[in-house]
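Take a first walk through this structure.

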Amino acid sequence: MSVFLNIMTVVITVYVLIYYNVCKGSRCKSTAKLKGKTAIVTGGNSGIGKTTALDLARRGARVILACRNKKRAEAAVFDIRMESGNNEVVYMQLDLASLKSVRSFAETFLKTEPRLDLLINNAGVLGPGRTEEGFDMAFGVNHLGHFLLTNLLLERLKLAQQSRVVTVSALLHRLGALDFPSLSARRKPVPSQTTWGHIQAYCNSKLCNVLFTRELANQLEGTSVTCYCLHPGVITTELCRDFPAWQQLLLLPFAKLFFLDGEAGAQTTLHCALQEGIEPLSGRYFSNCAVQEVSAKARDDAVAKKLWEVSETLSGLS
């Protein structure tokens, strides 16, 4: 019995050390109030997006939940209004897998909303499929849809005294690689595509997020807009909802033990959106509420510029 107790003590100690020193993460310390300011949160109906939106609403912001699923988004609006006491929380339809929908959202927003202070590019997908225009789903949603959305709203962001663009990337950008011909390919899905193939496409899209933020900072130099990207931590979200049920079951024990919940996962997003004094760090990558270095591939300005130019063409901006 004593041997068993000793083993259990070691296991619990290791778990606590890993969870609180590696998984738990830091918290946003900003006390900023946002009365009179407007924020957009893509994918704000669940997970870290919903938690981010709730925090912004509690600070007094007008919050636009830009989501694909109307029923779930309206339920999230109700929840956030009730919890925050802020009725300036609204839903606007946005499907990032459709560039037509992105343009429609931007047109509606610019007609109905006089200002924009925060754009939180939070939504993300991991899994099979193609966008409406035929791009790989991860590339199309995680990068190209957000690229177009950001560019269509830039002029409105510039009208604010100080505004920010925050894009949720991931530590997995380190495993990403860019093959421009395959990124722009509009092929039908390959039935035999593996789970690893979907994960690799996700990693590639997260590398795109980092490079996009890097070049966006160059484009915004001299304006009142700053931009940041981040790794939110390993989060319990619906990101893998399109995976087979058996794979999700395999992940469940690890998720329960080590993955962050939505509140903890939103902290670095909120830090990038709200923390005072980080303006000189525009274009940088954050994790655990602190600036971090990225992989060598993510620091290549020539590749970042090429990705921007390719994305302009693919999204119809040029």
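Predicted model: local features only at pLDDT ≥ 70, side-chain atom pairs only at ≥ 80, totals over all residues.

Residues are numbered from 1 along each chain as its sequence is written, and side-chain values use heavy atoms, leaving out hydrogens and water.

Rings of Phe, Tyr and Trp (its six-membered ring) pair if their centres lie within 6.5 Å; planes under 30 degrees apart are stacked, over 60 edge-to-face, and the rest tilted. By this rule there are six aromatic pairs. One of them joins F135 and F139.

Buried means under 20% relative accessible area, exposed over 50%, and partly exposed in between (1.4 Å probe, protein chains only). F135 has 1% relative accessibility, so F135 counts as buried. F139 is buried too, because its value is 3%.

F147 and F212 also pair edge-to-face, at 5.8 Å centre to centre and 70° between the planes. This pair links distant parts of the chain. F147 sits in helix α5 (residues 137-159) and F212 in helix α7 (residues 195-220), 65 residues apart. Helices (H or I, at least four residues) and strands (E, at least two) are DSSP runs, numbered from the N terminus. F147 is buried because its relative accessibility is 0%. F212 is buried at 3%. Ring pairs join F147, F212 and W308 into a cluster.

Now look at L175. It lies in the loop between β5 (163-168) and α6 (180-183). L175 is partly exposed, because its relative accessible area is 47%.
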